[in-house]
Amino acid sequence: MTDQVTTIAPPAPAGGPSARSAVLRSEIRLYGRDISNVLLSIVFPPLLLVILGLVPSFREVNPDLDGLRVIDLYVPVVVLISLITAALLIFPPILTSYRELGILRRMSTTPVRPSTLLFTQMWLNGVMALVSAALCLFVGWLAFDVALPRQVFGYVLALLLAGAASLAIGALVAAVAKAARHATGIGVAVYFPALFCTGLWIPVRSMPEALGDVVEFTPFGAAANALGQAAAGDWPDWRFLVVLAAWAVVTSAAAIRWFRWE
Amino acid sequence: MTTTRIPRTTRGPVIEVSELHKAYGGRTVVDDVSFTVEEGEVFGILGPNGAGKTTTVECIEGLRVPDSGRIRVAGLDPVADQTEVTHVLGVQLQESALQAKLTVREALELYSSFYTRPLDWRPLAERLGLTAKLTTRFGKLSGGQKQRLFIALALIGSPRVVVLDELTTGLDPRARRDTWSLIEDVRDSGVAVLLVTHFMEEAQRLCNRIALIDKGKISALDTPAGLIGKSSTSTVISFTPSQPIDQEILAALPGLATIERQDARITLRGTEETVNAVISLLAQAHILTHQFRVTDATLDDAFLDLTEAS
Ligand SMILES: Nc1ncnc2c1ncn2[C@@H]1O[C@H](COP(=O)(O)OP(=O)(O)O)[C@@H](O)[C@H]1O
Ligand SMILES: [Mg+2]
């Protein structure tokens, strides 16, 4: 080979921060190139809120709801939909396809560990989910006059715990799915019960007691209640935060236990 | 076919494999494999599908853990010192892809960010004929372009040795030949190459030494010329006689290994001795021939001969 090919670029620490930020930049670019990712994660949840808000009766004060409007109850629901859409519909197939295509394997023959790619995807989807959640709050406030959360710290804490639990469930889906299309299938299969638990069809507080008790032990039901309380200005019940943390820890452990790099 | 081969240096082997064993679910697929790859050489692992070639090289790459045996890459253990090994060993996997929407340029930049002393990717891309494709996405590249990108990614960390596993399988003959000259360039730049292939012609043209591997065992290890000489069939004689010749008469020829007949044409595999005997046989019987050809056996013939014998 000609000697110009042996030109050495200035040394940089291998596998260090520069490699990690290069992986992050590359994954952000790839994420943006898939327009369906962007539509689903950033556009769909606020749009759903707008559509719900267009129903006139949802904007009227409802005596059955302690003087709140239906749209007020829907804001925490779409905030949670932001999290579960990113964590269950977008994140698992990406991860599984990286294993399926041999990208994780190829990376393990370089100084950078393939887990870098996994955690980068986790961060990326987590951040996109939070951006989308913030957008939902903003749209609700701007378009329908829904008050911003009054107990901000409680709200953020519940949101972060719910995000962690959702991503851990997504990672578990990626771990057990053999191929990217299985990951999509399993993700969708978990997505609809998860939507139900957020209260999209019946608000968790209006569910029959037996059903409501069960739903409160799912991460999405617990999160819906915790966000509802924080939105109203109360510190969320510890019970709900503990349920969220427990789901995050247990499903992460299961995902780590079953995840295969090839 | 002559290829200039660079003399082996005295720096010692860059890869050492000794008594490697690997089984999957009780079925042995690599059975007592030992070889070394010297600094600056192209070492071939040649064998049919399922012979255990990929398993062997993936043990060297640290992707699979041997059941027993010892592997050293530049003196390092691929499993215990995996990160250090990644700095000296460049890899092209038999089966792998990149993200479909990643461009060639982005892939080169990304992978060069992984290494402490990467090659400058621009001249590398230039040499591999990828400059015009820098903004093309991986999913839109042809098979040959993908393989050239994989060669670039294997070289980008400036390794001392690269492992290329079935690099040219699935390429058209033109792209295959282009790839061969790239491998020669890699060798000439001083990087040792461990080349896995099931194409005899490829091994014969590129390799300084070849290990023939069949059912997990090395059946022969030598230079291409050495392997051909070692086999009992070093010469191929073919002709169309003016009148039929009895099978018994042919079978009695000295040094003969095989007889093939296709319509009137006869192809004999044997040695130098066979050639002389055929010529005198034809002269004595006053048989004229049409298109009498004597050619050297290829590695192909040697391979069949050596693996059938084992
Ligand atoms: N992960 C695996 N699990 C079980 N069997 C395997 C695995 N990988 C390879 N094999 C088997 O081991 C044998 C050797 O495979 P391989 O090393 O890929 O051969 P080659 O590269 O020479 O074609 C084949 O029979 C293959 O089916
Ligand atoms: Mg193979």
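The following legends describe close-up views of a predicted model.

**View 1. Packing of helix H3 against helix H5 in chain A.** Helix H3, which spans residues 70-100 of chain A, and helix H5, which spans residues 115-144 of chain A, have axes that come within 9 Å and cross at roughly 160 degrees. Because angles over 145 degrees count as roughly antiparallel, H3(A) and H5(A) are therefore roughly antiparallel to each other. The crossing in which H3(A) passes H5(A) is right-handed. The residues of the contact of H3(A) with H5(A) comprise 20 nonpolar and five polar residues, with no charged residue among them.

**View 2. The residues of chain B that surround ligand 1.** Ligand 1 is surrounded by B:Tyr24, B:Arg27, B:Val29, B:Pro48, B:Asn49, B:Gly50, B:Ala51, B:Gly52, B:Lys53, B:Thr54, B:Thr55 and B:Arg64. By residue class, this shell around ligand 1 divides into four nonpolar, five polar and three charged residues.

**View 3. Contacts of B:Ala51, B:Gly52 and B:Thr55 with oxygen atoms of ligand 1.** A backbone N or O atom of B:Ala51 lies 3.1 Å from an oxygen atom of ligand 1, and a backbone N or O atom of B:Gly52 lies 3.0 Å from an oxygen atom of the ligand. From B:Thr55, a polar side-chain atom lies 2.5 Å from an oxygen atom of ligand 1. Ligand 1 taken alone exposes 560 Å², of which the protein buries 64%.

**View 4. Secondary-structure elements of chain B in the shell around ligand 1.** Strand S2 (27-38) and helix H1 (53-60) of chain B are the elements that give two or more residues to the shell around ligand 1. H1(B) gives the most to this shell, with three residues.

How values were computed. Residues numbered from 1 in each chain as written. Chains lettered and ligands numbered in written order. Predicted model: local features only at pLDDT ≥ 70, side-chain atom pairs only at ≥ 80, totals over all residues. Heavy atoms only, no water. Axes fitted to C-alpha atoms, helices over the stretch in contact; angles between N-to-C directions. Helix = DSSP H or I, 4+ residues; strand = E, 2+ residues; numbered from the N terminus. Parallel < 35°, antiparallel > 145°, perpendicular 65-115°, else oblique. Left-handed = near helix turned anticlockwise from the far one by under 90°. Nonpolar A, V, L, I, M, F, W, Y, C, P; charged D, E, K, R; others polar. Near = heavy atom within 4 Å. Polar contact = N/O pair within 3.5 Å; in protein donor to acceptor, adjacent residues only side chain to side chain. Areas by Shrake-Rupley, 256 points an atom, 1.4 Å probe, with all protein chains shown as cover.
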